Number of protein chains: 4
Amino acid sequence: MQAKVFRLSMAHPGDLSALAALLDDGTIRAAEIVAVIGKTEGNGGVNDFTRGYFTDSLMSLLARHLNRPPEEIARTVPCILSGGTEGVLSPHYVVLCRSAESLAPSESVAALAIGAACSGDTPFETVGTADHTRAVAQSVRAAMADAGIDDPADLHFVQVKAPCLTSDRIAALQAAGLTSPAPNAGVSMARARAAGAMGVALATGEIDESELDDREFLKNFDRFSSRASISSGVEVLCNEVVVLGMSPAWNGPLRISHRVMADAIDIAAVRGVFSDLGFSGALQVGAQERDRLRAMFVKCEPDQSGQIHGARHTMLNDTDIDPQRHIRGAVGGLVAGVAGDTRIFVSGGAEHQGPFGGGLIAVIAEAAEACKEGQAQ
Amino acid sequence: MQAKVFRLSMAHPGDLSALAALLDDGTIRAAEIVAVIGKTEGNGGVNDFTRGYFTDSLMSLLARHLNRPPEEIARTVPCILSGGTEGVLSPHYVVLCRSAESLAPSESVAALAIGAACSGDTPFETVGTADHTRAVAQSVRAAMADAGIDDPADLHFVQVKAPCLTSDRIAALQAAGLTSPAPNAGVSMARARAAGAMGVALATGEIDESELDDREFLKNFDRFSSRASISSGVEVLCNEVVVLGMSPAWNGPLRISHRVMADAIDIAAVRGVFSDLGFSGALQVGAQERDRLRAMFVKCEPDQSGQIHGARHTMLNDTDIDPQRHIRGAVGGLVAGVAGDTRIFVSGGAEHQGPFGGGLIAVIAEAAEACKEGQAQ
Amino acid sequence: MQAKVFRLSMAHPGDLSALAALLDDGTIRAAEIVAVIGKTEGNGGVNDFTRGYFTDSLMSLLARHLNRPPEEIARTVPCILSGGTEGVLSPHYVVLCRSAESLAPSESVAALAIGAACSGDTPFETVGTADHTRAVAQSVRAAMADAGIDDPADLHFVQVKAPCLTSDRIAALQAAGLTSPAPNAGVSMARARAAGAMGVALATGEIDESELDDREFLKNFDRFSSRASISSGVEVLCNEVVVLGMSPAWNGPLRISHRVMADAIDIAAVRGVFSDLGFSGALQVGAQERDRLRAMFVKCEPDQSGQIHGARHTMLNDTDIDPQRHIRGAVGGLVAGVAGDTRIFVSGGAEHQGPFGGGLIAVIAEAAEACKEGQAQ
Amino acid sequence: MQAKVFRLSMAHPGDLSALAALLDDGTIRAAEIVAVIGKTEGNGGVNDFTRGYFTDSLMSLLARHLNRPPEEIARTVPCILSGGTEGVLSPHYVVLCRSAESLAPSESVAALAIGAACSGDTPFETVGTADHTRAVAQSVRAAMADAGIDDPADLHFVQVKAPCLTSDRIAALQAAGLTSPAPNAGVSMARARAAGAMGVALATGEIDESELDDREFLKNFDRFSSRASISSGVEVLCNEVVVLGMSPAWNGPLRISHRVMADAIDIAAVRGVFSDLGFSGALQVGAQERDRLRAMFVKCEPDQSGQIHGARHTMLNDTDIDPQRHIRGAVGGLVAGVAGDTRIFVSGGAEHQGPFGGGLIAVIAEAAEACKEGQAQ
């Protein structure tokens, strides 16, 4: 198997024209699409409808190419979006494909591997609880199997989109005599992300089942997964999981690496992941090397201590701009400076995803040698 | 003469306790304060009252130490603030002092020089026009004379705070039968910044008097000053100017350098200014070297083309977050990553201040050798 | 002919389930839908994608029922949306239908009449100019003919959705060597609304062709239409026009009336339109009488003088919340207090739509006698 | 004793010029000022510094007139501000004075009475708990004694400003090994308001000490005070209490009345309070009668059910605009429509202040007969 990854721009959240063109000209076959991960230009909060708009548009497009109802495709092709293109960030989406085309086995020892899975609908009364975590872990294991990745050490990035509660859903729970696991939508989004991150950690062995305690969610940040990226949103009911890693069962020119960011300004981690992938030592990836970039995924979080390197920040007490909007903009600026490219998936809400106040970065790129070979042809 | 520069944190926009302590213990003498440049945690727009709050608090404090009325001090000690600490940025202020203490002339060839000037009140009907530009240029020349800087080539940073119109002031102009030079407050802020930048360019010779045409303001961005930093705000009536440069007439350990940023993600320019000042080549300035940092000033601007490195950004079309808030957050994240320090003066609205879509960065630091000597003692 | 009007709630901007149910059970026949006017929960600005999301979803639904491509339906069934449900306002849409069902001619002297028209695509270089105005006037006349309304005095509400420029479109104009009629997207939205309002005034005779001068747009507010409601947005290319009035050629129980609001707190105008329609004198329309309400349309505007009844307001100088969001919330609260109902189409940007600082309100309701007859059955 | 009430406009949050003029011309004597209640044009959230700015400016002004240090005055003259002048609301402040001037006892049976009290500093670990409630109740009783009001039935409005936690204060508590009573600043503000409202209810007998249980705060909204108005903010450490009521021990022309608002669009309650005070039956208070208005105080709250009169609102799920900003704007529009005047103190966060989803309104006005007498003179 061979992974193919396309990073495409959009003019607005309902604009799938770039993908439509690639489907039309045969560059992408609809049946090969495993998942789509994207960054839309909404506010990234509960009332960010750019995610639903893009998803509906994507599923309509795929429905035309696959001759299946859009609702059905939505259950098998995860479309995981993070709203918010603050600062220099550019709206875009990454199409992850699995092709049967295979190169000669000698050409590559290991290459990018992609897997996906969707859980059943999450009961609203479990959103953000330990039961939610167990359901996510089960889906991560299913996605690893789908990708042919046996060893958690080969995982570099696990993207989960988990449902959250809204005021309507909370009211429905209460009307049904059930206890809502969160007092409001904002808190629910955060708890769902925590439950999802712990689900990845459970699947990778970063935490043990005996250590799972949802009273620690959003409190004990010593527990985290270094490879989890969790979004939560009103528009999904199940847990959608996409795993990305390296596997000898796959071939082709694509590689992935990741680094943990110790804090929001950890430029060394950002530069480090480019070094891992064989990029030259220039401060900013140059125009020519940028062609190797296929996708950049970043998780980050406003430091809950209220400080960075000993100086106060104001993200947590701002009534005008959501803290997640603040941090996405800042980290996006930093990563864009290193990458020379603004089409970066930067997602806030990194609770338990990387260390307290920090986060993680994963990058997919064509192998340096593959590039040179290509140039030689 | 010797320049002394103190970078101080504040807990809120009315908190001058750090300066009060240094005045109380004699580290700073109130009469030596030439100017204060700071970053407060407002929205940076017309209705950002954190600037007025800080200024009133500062002038009350200085009034107690100088035994002069605060209104009078406000006319001789420029207090230039930029609102908005988006992302990782930290509220702080830089106190620029001029001390009569002098080292032996042999110790230093040239050192940081500071000068300041305030114009008379700007007639509201001239705000943002060529007349405004000429008034600013006159004040820049006065501030250079104050600093003992003869050659514009020795200037590294010129900070101007210029008045702008509000809806009240526009109504007053119209009531008086005068034409308002701007249709609303937002436009007036931008035009005042343009007029100020051209004023610096006129004083430095970057443009010639014959080239001055206010119909080009906010339109012809090929005309710019590479050393101008202009804020505009409702709380000043005159043009406050502070110049920073290098002069052999000054001594002491402080140095200043600046670089032009070609675009908002120009990490090479940011790193370059640290190299100019003799910082080691580490990707991020380390904890120990950070002690040399005295002030960082950055101007930036959302690229009006709507693109950065060929990819669309969304800053210009956002009804929820002002474009200037977006760009400050992004550039702040980038500079903090390099500096390892978040107390950075990042000011948006860089029209005609650096190239189109770009900006500039100036840094004050203790000379490397001075630091080593200090450690040797 | 008989008009039918349905006011339906939505759970999110892509939720057309209420209309789908009425189409499924035969209450509404898709071919009878003349236009849809709605209020979605976006920010109402340039980057409000809830309008596009709703429109795409509506056209997909109608396409399934009409067996025609959605793009084609979009050109013949105007879908005019105003984003922003600030304060108590509730997201909803009004489906305007024209039914061939006819009552005996004696039953009604005049009843609600509905007409619609779409112009050709508006050249971007004419957006917000006098040419734009002429094109809108032509479409209003076409919509009046479509409604069978001859006398402009019988018009009570003319809704226009006009295109505006974006930064991309401005860049395209400039690249093509054309002058952009607006410097940025925000200004373009306002100018497009002005051009549209003058277009209605031209068609109704409120202004004369000889008085049309686009240099007066957004400046001379003595020129206005008392029946125009103009939205502008990035998602349309043509001018979509819907006219609502009274005509003896129509029958059925529905009536429409309108009033001019002198300012944003003109409660007498709001109450007046309910009196016109025969509602009882209670301060708030009671639960039972509310069943007669079919649609409420309001246009309003933050007073550009900066004052209301002599006291300063802060809407025009707020960098955090757009002035239009402010005014929609305030006027929505006032009208909801009188109507006892929050599903009100309140649209800002009322330049030249009603008097300076004021606006207008139009209400569709079942005639009082019709209601009583209904109860008697 | 006689109450005097002055409602004054401000040009910005540091503008006390209107009060300064009245102090200078002897209309107000500084020593007679009991309290100041105002509405400043900030965002009303944790990072709203307009409250601190106004307070500092007020205390500086009073210090000059009273020859006492501003910090000391701040402890005896409550200055209670609510940030946020959304929509049509106008920034203003109400100066409540107690004059020794007395009319002949026969002239008035009862008149407006004013009292105030400040508690000691609230320990941060008790903010928003039952202990906080008891401290507030004690201060309410002290303020009633100060006003000479014995019977809680004569109370019409009790304004409390209570401290809340910030991220810094929460960190300090945790560093000290104490449990923070709230996870973040936003939640703390809400809990402090709940604790304060229950403190008023305890003092008035609306709840009994045995019914006080802080686990019910923000949950059981059946418990509320119909006369409590609670603000919370970072800028106070003690609980500041001002009580307003009617008392035969006072005389003069001023009267106060209040009504409970059943929901956010309860126009009947708003109109009712004007009827209570003898205003004529016009839909909007006319220009001449408006001269009688001295102060309007309103508390309101976005309905936590997510609905108003059965229709969904979007206030609770908005990431861009705080729910309290939404509701203030809407209710401000409604009350301004009835009053014909936009200088209204509309404060959100009405948890336990009036019924669930509703609130309350209190108005101070000159008695109708007093006005007529005045005109007769």
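1. Salt bridges between chains B and C. The rule finds 2 salt bridges across this interface; a salt bridge is a side-chain nitrogen of Lys or Arg within 4 Å of a carboxyl oxygen of Asp or Glu. Asp320(B) pairs with Arg325(C), with the closest N and O atoms 3.4 Å apart. On the side of chain B that touches chain C, 2 residues are nonpolar, 7 polar and 6 charged. Here Ala, Val, Leu, Ile, Met, Phe, Trp, Tyr, Cys and Pro count as nonpolar, Asp, Glu, Lys and Arg as charged, and the others, Gly among them, as polar.

2. Basis. This is a predicted model: local features need pLDDT of at least 70, side-chain atom pairs count only at pLDDT 80 or more, and totals for chains, interfaces and linings use all residues. Residues are numbered from 1 along each chain as its sequence is written, chains are lettered from A and ligands numbered from 1 in the order in which they are written, and side-chain values use heavy atoms, with hydrogens and water left out.

3. Extent of the B–C interface. 15 residues of chain B are in contact with 16 residues of chain C (contact: heavy atoms within 4.5 Å). The buried area is about 1,400 Å², and carbon and sulfur atoms give 42% of it. Buried area is the accessible area (1.4 Å probe) that two parts lose on being put together, summed over both.

4. A salt bridge within chain A. Glu86(A) and Arg328(A) form a salt bridge, the closest N and O atoms being 2.8 Å apart. Glu86(A) is in the loop between strands E3 (79-83) and E4 (92-99), Arg328(A) in helix H8 (residues 323-339), 242 residues apart. Helices (H or I, at least four residues) and strands (E, at least two) are DSSP runs, numbered from the N terminus. Both residues are buried (under 20% relative accessible area; exposed is over 50%, partly exposed in between; 1.4 Å probe, protein chains only). Glu86(A), Arg325(A), Arg328(A) and Asp320(D) are linked in a network of salt bridges.

5. Salt bridges within chain C. Arg134(C) bridges to Glu209(C), the closest N and O atoms being 3.1 Å apart. Arg134(C) is partly exposed at 34% relative accessibility; Glu209(C) is partly exposed at 42%. Arg215(C) bridges to Asp213(C) at 3.0 Å between the closest N and O atoms. Arg215(C) is exposed at 66%.

6. Helix H6(C). 17 of its 20 residues are buried, so H6(C) is largely enclosed by the rest of the structure. Just after H6(C), Gly205(C) takes a positive phi of about 85°.
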